[in-house]
Every structure is written in C-alpha cells, then in structure tokens.
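Trainee: Could you walk me through how to read a few features of a structure like this one?
Mentor: Gladly, let's look at it together.

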Amino acid sequence: MGYDAGKYDVAVIGAGHAGIEAGLAAARLGCKTAIFTINMDAVGNCPCNPSIGGTAKGHLVREIDALGGEMAKTADECMLQMRMLNRGKGPAVHSLRMQIDRKKYASVMKHKLELQENLDLRQGEIVSVERNGDEWIVETRLGSRFTVKAVIVATGTYLGGKVFVGDVSYESGPDGIFPATFLTRSLLKLGLRLRRFKTGTPARVLKSSIDFSDLEEQAGDEPVIPFSYETVNPLENTVLCHISWTNENTKKIILDNIHRSPLYGGKIEGIGPRYCPSIEDKIVRFADKERHQLFIEPCGADTEEMYIQGMSSSLPEDVQIDFYHTIKGLENALIMRSAYAIEYDCVDPVQMYATLEFKDLPGLYGAGQFNGSSGYEEAAAQGLVAGINAALKIKGKEPLLLDRAGSYIGTLIDDLVTKGANEPYRMMTSRSEYRLILRQDNADTRLTPIGYKIGLINEDRWNKFLVKQQQIKDELSRLSDTVFSPTIELNNILVSRGTSEVSSGIRLIDLLKRPQISYKDLTEIDVDRPKLPDNVFEQVEIEVKYKGYIDKQLAQVEQMRRLENRLLPQNFDYKSLIGLRLEAQEKLNKIRPVNLGQASRISGVSPADISVLVIWLSQKDKQ
Amino acid sequence: MSEKIIAAISTPRGVGGISVIRVSGKGSILLCDGLFKAYRKNVTLSDLNGYTGCYGEIRVNDEIIDEVVCFVYRAPHSYTGEDVVEISCHGGMYITEKVLRAVLDAGAEPAQGGEFTKRAFLNGKMDLTQAESVMDIISARGEESARAALNARKGNTFKKVSAIKEKLIETATHLAAWADYPEEDVPKITAEEVKSAVTDVIDTLDEVVKNYDNGKIMRDGVDTVIIGRPNVGKSTIMNLLAGCERSIVTDIEGTTRDIIEEMVAIDDILLKLSDTAGIRHTDNVIEKIGVDRTMDKLKSCGLAIAVFDNSSVLTDYDIQIIENLNGIPSIAIVNKTDLENKLDVEFIKSKFSEVVLMSAKYDDDINNFKNTIKRVIYYQKIDSNTVILANARQRDKILKAKSGLYEVLDAINAGLTLDAVTVAIEYAIDELCELTGEKASEQIINNIFEKFCVGK
C-alpha cells in the first residue's frame with residue numbers, strides 16, 4: 001500500500017531526452033525536482049541512431065541551447081563527426097547534424113543530472129499518478145509515495161512497450177530494458193485519451209565483420225561548427241561513416257518473407273511514422289525502386305558496434321541475417337543486436353495547452369514520445385518547455401508560450417496541440433511557414449532573451465549575447481554608410497562573380513545584397529572592415545541578402561500575432577454560440593483553443609466562424 | 001483588423017434600375033478617386049464633405065465604364081464607421097460587375113459575407129444587443145457564400161485552377177523533399193526546372209484570367225435545374241421560359257442527353273436555366289453521363305423545377321427525383337393538364353410547398369408559373385451578388401497567386417537560394433488553396449511520403 005516518501009515540487013517520469021531537459025530546467029529554476037527512471041543505466045539513452053540533429057532537428061537543438069537547455073552542449077562534448085546539411089540550398093534549410101558517442105552521451109548526461117543542485121535522480125518505475133487536492137501523488141513499484149506539485153510524463157517508448165521481431169513479441173522497453181506496465185491504467189483513470197504508436201530500429205553490426213573496401217566514405221565537414229553557443233573549444237571529426245545500397249537480392253528475400261512481418265501479418269496495431277519506414281515498408285510501398293540507400297555509422301569511440309541507418313525492420317531474425325548479408329560490405333556481417341519494432345502508449349496531444357499542461361488536469365504535463373512525437377530532439381524540446389512551465393507555475397509566474405513565428409519548438413508544439421498527431425510527429429523544415437526567419441543561425445537572437453528572462457541563461461552568456469547583437473547592428477550600419485566608387489578594381493570583382501558593373505558610387509550594403517557577391521569577394525577592397533567573429537558576418541550577410549523575404553515574413557508574423565493576442569475563454573461551451581457551424585462547434589469544444597490564432601488553424605473552422613468569434617469576443621469585451 | 005479596403009455590390013440582384021457598390025475602409029475615398037472623374041471641374045471625392053455626392057464617370061484606362069453618382073461618407077459617420085464611398089451605377093449585371101471589377105483591380109478586396117455589418121459592429125456602430133443578429137447574418141451569408149463557392153467549383157475555371165495547383169504542389173513537394181531529406185536519393189531539382197514549371201503555370205493562369213474577362217459576367221444568375229423523368233415536357237417548359245426552341249423536342253424518351261443552358265430574365269430575376277437529361281436507369285453510355293451530371297448539378301443549384309406528367313401515374317423514378325430534391329429550393333410542375341388526370345396530385349402537393357398545374361404545350365398559365373418562381377427565389381433570398389462575389393474572390397486569389405509566382409521568377413533570376421524560392425511558391429499555392437479551404441503545407445508533407453521513398 002506504499003509509504004510516504006516525502007515531497008518534491010516536480011516529479012519527472014522518465015530520464016530520456018525529454019525527462020532530462022524537463023528535470024534540469026525545473027531544478028535550475030529553483031524547484032525541488034526528482035527524475036524517476038526505470039533503470040539507472042538507461043538515462044539519456046539513444047536507443048536508435050547514434051546522432052543528434054539533422055534537417056529541422058538541428059534547428060530544434062540550436063533553439064534548446066538558446067533557451068538554456070542541455071542537449072546541444074552534451075552533443076558537442078560527445079561529437080564524433082559533424083556535417084552541415086543542405087549547404088547551397090539556402091540558410092533557412094542549413095541543418096547541423098552530429099554523430100555522437102552514445103554511451104558517452106548517456107554517461108555525461110547522467111553525471112550532469114547527478115551534479116545538478118535541487119535535482120534527485122532516482123531509480124523506480126512509477127506505477128500510478130493520482131490527484132491529491134491541488135497536489136499530486138506519484139507512487140513507485142516499490143511503494144514509495146511522493147507528494148508533488150507538478151508531474152511531467154516523459155515515458156517515451158517504455159509506456160506499455162512491446163517489442164516485435166517476426167513472430168516473436170514480448171513486453172519490453174527499448175534495448176531490452178523492462179517497460180512501464182502499470183502507469184497506463186492510472187493515466188486512463190485520470191481521463192486521458194491514449195493511443196498506440198509504433199517505431200523501429202535497425203540492427204547493430206560488428207565493425208570488424210564489415211568489408212569497407214568498396215564502400216563510399218562520408219567524412220565530416222571542416223571546420224566543425226558546434227551546436228551550442230557556449231562551446232568555445234574547437235571540435236574535431238574523428239570518424240567516417242559509409243554508404244551502401246540494397247539490391248535485387250535484398251528485395252527478393254524481404255518480399256519472399258513479407259508474410260512473416262508482424263506489421264504485414266497484422267500483429268502490430270500501433271501506427272508507425274511514414275517518414276521512418278522499415279526497409280520492408282520501403283520495398284513494398286516503392287516497388288519500382290531498384291535500390292535503397294543505407295548508412296553505416298559508428299555507435300561510439302570505444303565500441304565496435306555499427307548502426308545500419310535506413311534498415312530498420314521487424315522481420316524474423318533469420319530473415320534479417322539473410323537480407324543484411326545481401327548488402328555490399330555486409331556479406332559476412334555479424335549482427336550483434338537485431339532490428340526490432342516497438343509499440344507503445346501515448347496521449348492525444350490536443351488535450352494539452354501549448355504549455356504542455358493538460359487542460360483538465362492542472363499540474364500534469366506531458367513531453368516527448370508520450371505526446372505523439374518522434375525523435376530525441378523533438379522530445380528534448382518539449383521536455384524543456386514542460387519543465388520550464390511546471391517551474392514557472394509553481395513560482396507563480398507567467399507561463400512560457402512559444403508561437404509558430406518565433407521558433408520550431410513553438411511550431412512543433414502548436415502542431416501537436418492544435419492538429420493532434422495521427423502518426424509519430426517528426427519535425428521538418430517544410431512544417432514551418434516562417435522558415436526564412438526561423439533559421440538555425442539566428443536561434444540565439446530569437447530565443448536567448450526569453451531564456452534570460454526565464455532564468456536559464458546566466459549573466460556571462462547574456463553579456464556575450466549582447467556584444468554579438470551590438471556587433472551585428474554596428475556592422476549593418478557600417479554597410480549602409482560605406483560607399484565604394486566605381487573603380488576598375490571593384491568592377492573586375494563584380495564581373496568575375498557574374499554580376500553587372502557599376503558606373504556610379506554604390507553602398508556596400510547594396511553590393512552585398514547581390515546574391516553573387518559575398519563578404520569574402522570584397523575583402524580586398526573593404527579595407528575598413530572590422531575584425532569580427534564569423535558568425536557575426538554570417539548573420540549580417542543573411543540579413544542583407546534576404547531582407548525582402550524576411551520583411552515579408554515579418555509582416556505575416558505581425559498579422560498572425562494579432563489573432564494570437566485575442567484570447568478565448570477555456571470553460572465555454574461553443575454549442576451555445578449561435579452562428580457557428582455545427583462542425584466548428586464540435587471542433588472548438590474538443591480542442592478548446594486558447595486564442596483566435598489557434599482556432600483559425602483548426603481544420604473545420606472557417607473564416608466565417610472566426611468572424612462570429614470576433615463579434616462574440618468584442619461583445620464580451622464591451623460588456 | 002479592418003485595415004483592408006473591401007467592396008461589394010450592396011443592392012439586390014443587379015437587374016434593377018440602379019446598383020450600388022459600397023467601398024469601405026481607410027483609403028477607400030482615395031482609391032475611388034483613382035477611378036472616378038467628376039463632371040464638375042477640379043473636384044475630386046477627397047474634396048467632398050461627408051454625406052455629399054458627385055456626378056461623374058468611372059474610367060479605366062480612359063475607357064468609360066459607366067456614368068455614376070458617388071456618395072462620400074467620412075469616418076465615423078458611415079454604416080461601417082469607416083470612410084465609405086457608395087457608387088450608384090446603372091443596374092444590370094454586366095455594368096455593375098464591371099464597376100466592381102474596376103474597384104477590385106484598384107486594390108480593394110471582395111467583401112466576405114456579412115463583412116460590412118461585422119465592421120459596423122466592431123466600430124461601435126451597433127448596439128451590443130445586436131451582436132447576435134450580426135453573428136446570424138455572418139453565418140447566413142457564410143452559408144450562402146459557401147454554396148456559391150461550391151457552385152463556382154463546378155466551373156471549368158475551378159478545374160483548371162485545381163490542375164495548376166496540383167502542378168505547383170508537385171514542384172513544392174519535390175523542393176521540400178529535397179531540402180528535408182538531403183542525404184537520401186531524392187533527385188536534385190534545379191532552379192531552371194522550377195523556373196520552367198512556374199512559367200508554364202503563369203501562362204495557364206493568364207489564360208484563365210482572360211476568360212474571366214470575356215463573357216463570364218453574363219453567365220451569372222440563379223442556377224436553375226429543370227428535372228423530371230424522360231418526356232414529361234422539360235424541354236417544352238424550358239423553351240416556354242426562354243421563348244424559343246432551344247432543346248430538341250421529340251416524343252422519344254431521352255432526346256435531351258446533356259445539359260443545355262439558357263439565360264432567362266423574369267422581371268428582375270436572372271435565371272441560368274439548365275434543361276437536363278431525364279432521370280431513368282439507362283444503359284446508354286452517353287445518356288448515363290448526362291444523368292450523372294444532372295444529379296451532380298442538383299447539389300449546387302439555386303432552384304430546381306421538377307416536372308411531373310399529369311397523364312400518367314407516379315413512377316419509381318418520380319419518387320427518386322422527389323427524394324433527391326430534399327433540402328433544395330424547388331417547384332413542382334404538374335404538366336399536361338390538357339390530358340386526362342392519372343397522377344396523384346395530392347401526393348405531389350404533400351411533398352412540395354409550391355405546385356403549379358399547367359399545360360406547357362398550350363402556354364396556359366405562364367404568369368402563375370413566373371410568379372411562383374419569383375416567390376420561391378425571394379423567399380430563398382438567393383442572391384446573384386453572392387455568386388458574383390464568389391467569382392470575384394476566385395479571380396482575386398488567382399491574381400495574387402500570379403504575382404506570387406512572378407516573385408518566384410524574380411528570386412530565381414536574381415540568383416537567390418531555393419529556400420526563398422520555395423517560400424514564394426508556397427505563398428502562391430496558399431492563395432489557390434484558399435479557394436478550396438485546404439492548407440498547402442499539409443498537402444506538401446503528405447505528398448512527400450507518397451512520392452518519395454525517404455526516411456531512415
């Protein structure tokens with residue numbers, strides 16, 4: 001029946017990427033916090049790919065760092081290889097990705113949690129979450145009952161976790177750690193709507209059993225750019241990745257055995273993500289494609305395990321061995337860990353506010369895969385927001401609400417709480433309508449003032465931030481004030497870059513506006529250029545070149561924010577509002593948007609319905 | 001929220017002696033000054049005090065569109081509480097729409113249903129107690145607009161626009177997949193490819209806009225469908241209303257195999273009359289298409305005229321027609337009253353609120369018939385202005401999409417990176433999507449996973 005084990009301000013259930021950021025943020029903001037993990041050796045685990053970042057995910061990591069989160073710094077500390085993806089496609093889609101040492105990442109993170117003031121890291125499976133007046137009680141499997149003011153559920157794939165490999169299936173969390181089997185019932189009792197999602201991971205293969213001789217190498221980019229604005233020590237690429245391809249034989253083996261897949265055999269009921277398809281999915285859905293690409297990535301500096309990206313599967317082990325062996329380089333591969341699919345319980349996120357607090361359960365928060373997302377970075381971003389908001393509420397402060405126009409984190413959360421998730425949600429640059437202003441290079445400009453105000457950015461970093469902002473401002477005005485005469489030297493540069501000559505004086509800013517001209521091109525003639533860090537020049541150049549587009553998006557943002565500022569009441573029955581269409585009434589009652597902006601993004605709410613809401617709000621205001 | 005200038009035809013049905021076009025919003029007076037030339041020398045609308053009017057003409061590129069009187073109202077002393085110009089022009093669909101078009105081309109936006117009233121309320125021109133009736137008006141107009149928009153979606157224009165939109169989404173999808181999955185084998189897309197796709201689309205949009213300007217205007221009216229099983233006299237009735245032999249009239253069932261359209265004016269009401277293929281089960285392929293189209297047309301029509309044969313008993317097909325008319329404004333005609341009665345007229349009367357008994361062949365009660373049509377239409381408040389506005393909005397969106405696509409070309413020509421180009425394409429798609437209430441980004445993301453094999 002349990003025993004009273006004491007009090008905390010915040011209890012975080014789960015010590016994955018969401019739980020870590022949530023716990024650290026709450027503790028750093030002065031809340032007495034406990035993080036509960038099922039297994040002390042699973043803290044900060046990366047059970048899938050040994051990498052952090054990637055398209056849009058890299059943006060999230062930068063944003064987490066700008067707000068004062070931990071993921072970026074730890075990734076930098078554990079970096080094996082860095083690549084800046086999408087170079088040449090424009091700054092909005094530049095994305096940083098790092099291969100990391102996953103064991104080191106986990107132990108660095110665990111150590112940071114252990115050292116954190118106000119934070120207790122405890123092993124224990126939480127089996128129930130109950131309301132106790134305005135407070136909550138969480139109970140571990142061993143019967144310790146903690147009274148807390150806020151609970152953050154960050155259970156990942158552990159909640160009701162079930163692993164599938166062919167016709168074998170068993171209850172399990174990732175990497176053979178036992179799952180959380182009791183909590184689901186307790187959450188259902190609270191009235192949460194849960195559903196089942198599925199994800200999967202490929203095999204890990206012994207490095208010495210791979211023949212790399214004919215495989216294409218993929219090296220890191222130089223110089224290494226860190227994730228964190230605080231990382232100052234230079235980082236080095238130390239590993240290579242390799243590329244190989246599936247072939248006709250791979251396809252044949254998979255198709256011959258497709259009936260043995262639990263997914264195609266109908267054993268898995270969970271909904272899997274389309275963007276993270278298993279190899280059998282790819283082969284069935286894109287039958288015309290002759291071959292599929294795969295990457296061989298090292299799992300760490302002191303392990304011989306290699307991750308085979310692009311080859312996740314839930315086919316039986318014998319089939320896996322057969323088709324892995326068809327691949328060039330893997331002919332004699334020794335599979336150390338088999339690929340598997342995992343099914344888990346998660347929540348319908350429209351039940352939450354953008355603070356990630358449940359609307360009907362004050363003090364209960366959700367983050368990460370539990371909220372229907374997928375990916376370490378998506379999880380960490382939500383964990384940070386949930387942790388901050390739990391702490392702000394306990395301290396009696398205004399909540400942190402990030403909107404779509406200010407960050408990818410805001411976009412991610414808005415998508416989840418407004419549209420819900422029909423499949424595990426992955427961040428993509430295509431999801432942001434404001435992506436020209438939400439770049440990974442200006443995450444600090446966008447979010448560090450918010451992080452500072454909340455209290456997660458220290459004075460030292462704040463001062464550095466202010467210096468950088470001033471340098472950008474000064475350099476921009478220098479560009480406006482500097483005029484070059486139409487010298488032969490200048491025109492030679494212009495012609496050599498494929499742009500037109502000038503016949504009268506031209507401002508430096510107007511030269512830099514030309515897409516063909518970069519800072520570097522003008523080094524020789526720009527003699528008064530001050531010495532500034534590269535990232536300042538980068539900011540200035542992007543601001544100048546994309547000004548027209550940036551201004552246009554800023555105007556859209558302003559329009560959007562006007563709607564966001566019109567707040568809607570939370571305890572209102574839209575059925576009583578004459579003039580709304582039936583579909584709109586139902587959707588509004590289900591999602592209960594907090595403002596007109598969110599209401600306008602709900603599918604099934606028309607512009608006429610928004611007009612009706614505007615009239616109704618202004619009537620209420622005047623009364 | 002009211003910074004946009006909005007315009008709409010404010011008088012009903014557009015076939016009266018004069019029509020009034022209302023233009024509201026900050027800057028509306030100046031906007032109208034750009035189109036209006038007063039007959040009094042050196043006078044512009046901007047010089048006028050509120051509540052005064054001025055006689056002159058609306059000109060576009062030196063072409064005189066109409067002689068009009070403009071009335072100026074100055075904020076807050078107007079219906080909406082904003083600066084307002086009311087242009088009284090000659091009635092008639094053609095002129096009225098042309099004047100409205102001139103105002104829209106000068107930068108005004110087509111007003112949404114109930115938007116003048118909404119602004120009046122928000123600007124404090126109405127009592128708080130009127131809020132509910134304002135919401136009622138907005139939702140009623142919203143329904144009307146939705147119906148008109150649905151109607152517009154049947155048109156060829158819409159089909160062309162949809163095809164264009166699909167093409168743009170395809171390009172945007174490729175760009176998105178290429179950016180979001182840089183390391184997977186998504187084929188590279190070059191600026192030149194984007195440019196050529198966008199140029200094609202601009203050409204098609206140009207064509208669509210041109211067709212809007214030619215003759216589209218005259219086709220507006222209350223969409224009216226004449227329906228009935230074969231050989232009950234639909235074509236005769238259509239010819240009676242149209243005053244000429246339009247459809248092929250014979251005694252052979254199924255003579256009218258497609259929809260034949262005709263514009264008919266009944267006093268101030270303009271009907272767009274469609275004679276349809278008779279409803280019956282058929283194996284004849286051509287005729288079957290006609291029947292399908294008839295049923296389709298019913299869903300968006302403004303008025304249905306159901307014809308029954310007095311001289312024969314009610315058939316299953318008659319019943320089927322009656323069922324299909326549920327919820328659609330309709331009139332029943334019991335035709336061929338010159339022949340012996342076999343039809344259960346009481347049953348028809350129990351199903352329709354308006355029933356006309358007549359013999360179309362002998363033209364015997366045409367006035368009663370016309371009055372019934374007028375009564376139903378007035379009662380339904382079917383407003384051809386809503387139709388014009390739905391079309392105006394469509395055109396407005398197409399023009400905006402087009403200017404968005406020119407920005408795409410500008411960006412490519414200037415050598416900007418494809419991230420900026422993608423955003424401009426999505427802007428154009430969003431404009432086109434607004435016609436159908438879809439969201440561009442969701443479609444693009446869905447498409448990525450359909451078209452490309454990406455993901456780890």
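**Reading the model**

Mentor: Let's start with Lys26(B), which is found in the loop between strand S2 (18-24) and helix H1 (28-33) of chain B. Helices (H or I, at least four residues) and strands (E, at least two) are DSSP runs, numbered from the N terminus. This is a predicted model, where local features need pLDDT of at least 70, side-chain atom pairs count only at pLDDT 80 or more, and totals for chains, interfaces and linings use all residues. Residues are numbered from 1 along each chain as its sequence is written, chains are lettered from A and ligands numbered from 1 in the order in which they are written, and side-chain values use heavy atoms, with hydrogens and water left out.

Trainee: Is Lys26(B) buried or exposed?

Mentor: Buried means under 20% relative accessible area, exposed over 50%, and partly exposed in between (1.4 Å probe, protein chains only). Lys26(B) has a relative accessible area of 72%, so it is exposed.

Trainee: And Gly220(A), buried or exposed?

Mentor: Gly220(A) counts as buried because its relative accessibility is 17%. Gly220(A) is found in the loop between strand S14 (216-218) and strand S15 (241-245) of chain A. Leaving out residues up to four places away in sequence, Gly220(A) touches Gln81(A), Met82(A), Arg83(A) and Asn237(A); contact means heavy atoms within 4.5 Å.

Trainee: Which residues have the most contacts inside the largest nonpolar core?

Mentor: A nonpolar core is a set of buried Ala, Val, Leu, Ile, Met, Phe, Trp, Tyr and Cys residues joined through side-chain atoms within 4.5 Å. The largest has 164 residues, and Val129(A), Leu364(A) and Ile425(B) have the most contacts inside it. Helix H9 (residues 376-394) of chain A gives the largest share of this core, 11 residues.

Trainee: What does Ile425(B) touch?

Mentor: Setting aside residues up to four places away in sequence, its contacts include Leu168(B), Ala172(B), Val194(B) and Val408(B).

Trainee: How is chain A divided into domains?

Mentor: Domain bounds come from an automatic or database domain assignment. In chain A they give domain 1 (3-50 + 58-76 + 104-198 + 344-454), domain 2 (459-552) and domain 3 (568-622). The C-alpha centres of domain 2 and domain 3 of chain A lie 47 Å apart.
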